[in-house]
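The sequence and structure are shown first.

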Amino acid sequence: MGKKAPGRLLMGRYELGKLLGKGSFAKVYHARNVETGEEAAIKIMDKAHLARSGAVQEQVMREIDIMRRVRHPNVVRIHEVMATKRSIFVAMEYVGGGSLDAYLAGRAAGRGLAEHSARRVFHQLVSALDYCHSLGVYHRDVKPDNILVDVSGGRIKVADFGLSALADAGRRDAPLHTVCGTPMFIAPEVFLRRGYDGAKADVWACGVVLFALAAGRFPFNQRDTCSLYHLIRRGDYHCPPWFSPGLVRLIRRLLCPDPERRIAMARIKENPWFRKGFKEILPRSLGEPEQCGSDSDSDSDDSPVARGCRSRMHTSVSAPSLTTFGCAAGSAPRIRRPRSLNAFDIIASSPSLNLTGLFEEPGEQMRFVSAAPVSDIIAKLEEIAGHVSFTARTKEYQVSIGGNSRGALLVSAKVFELTPELVMVKVCKKAGDAAEYRQFCDNELKPGLRGLVLVDGLPEEGAEPIACHNG
């Protein structure tokens, strides 16, 4: 399962645990939020490694953007995105039951779940994807390996949106052209490279998943991709004899090779076999308790999520807010909260959802994260200003540093709260010459702030602030 990293505190609040998995561009660790006690999965990506592959960088940015939009009980939730000079950290909901693929592999060969149990899982999968489609999000890699089992919460959770497509609001009907996904689950029209409907392609993959849930095997089972394609194109599969007539009819509509005749995701909910015991699962706002999505149609349920439905539900805690400090005259500093934003909302606040600040380092803005008291940071900024005979003006936890002459350099440093123990300081040039600003940062600001800055979430002597775009 991987090695443990005891005692390592990431970004001042996530205690890293065992390594859950790793790929070419990321490692995923189990973690615990030391403030709330909540478990999380932390994906750690190296910026330099990502920058060497533009396609992978684009995929990461798209996945983060999509996961930020999708808030559904049956979709793995993203808590926040954090960045340092070297790394990107994505804190996600931890789902401890493993993948649906692993669950099915542990069962007796050639026999799937009981039909009512397969239906319970399918209810949740359809609810999640129908909601995603309503937002213009098409998963394009639906398979048991990307469906996680939350036994404690009584749910399945759709994960891995790295291959997803996000349609423009005004062009939802525009065909997709990228051939992607796992061959066993790819719809026949995707292979043709003539353009396809992302929603219909997801419906096909759902049909393959439902077949596997109820049969214990896949409908199209050929190792050779060419032979597999011919089976898929013809819809050449055989349902086991224990499938009920209603299930057989639904499978035929899901695995219809002609996308024009294939059942639409919304129509699945009207199917008689599907409707049995179904209760609509609605997206919830943060902090709302979760509820089980369907009523049991049997006293006995062997599905991977059944036990959790009979137990107390697990409710995730919302991500820490990022609010600016304020101070009332004559009183102790207090936190002013005009609105609640998480770290990713700040990063993604530009109209174009420009996330390039996670990867690039422009010269006229920068930010750094610190666990030092706010008073120490402000005192250090004022001290740095004094070293070069600049004036420092402090108001509501914003320090303005600049010369007294007209046209002189003016630098703003504003403090934000990430958590009660962790702050972010945004530094930017307000006026003056860019070369003079860079010289001030390199020769005065960065050396003066050594010891206050966290690098990769950990205190490091001599660390420099990380640069940030649109920060």
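## Terms and basis

A residue is called buried when its relative accessible area is under 20%, exposed when over 50%, and partly exposed in between (1.4 Å probe, protein chains only). The model is predicted: local features need pLDDT of at least 70, side-chain atom pairs count only at pLDDT 80 or more, and totals for chains, interfaces and linings use all residues. Residues are numbered from 1 along each chain as its sequence is written, and side-chain values use heavy atoms, with hydrogens and water left out.

## Aromatic pairs

Rings of Phe, Tyr and Trp (its six-membered ring) pair if their centres lie within 6.5 Å; planes under 30 degrees apart count as stacked, over 60 as edge-to-face and the rest as tilted. Phe211 and Phe243 are edge-to-face, because their ring centres are 5.5 Å apart and their planes stand at 65°. Phe243 is buried, at 6% relative accessible area, and Phe211 is buried at 0%. Phe274 and Phe278 form a tilted pair, with centres 4.8 Å apart and planes at 50°; both residues are buried.

One aromatic cluster is formed by Trp204, Phe211, Phe220, Tyr237 and Phe243.

## Lys43

Lys43 is buried, with a relative accessible area of 18%. The "binding site" annotation in the unreviewed UniProt entry covers Lys43; UniProt positions follow the numbering used here, feature names are shortened, and annotations may be inferred rather than shown by experiment. Beyond neighbours within four places in sequence, the contacts of Lys43 include Val28, Glu63 and Met92, where contact means heavy atoms within 4.5 Å.
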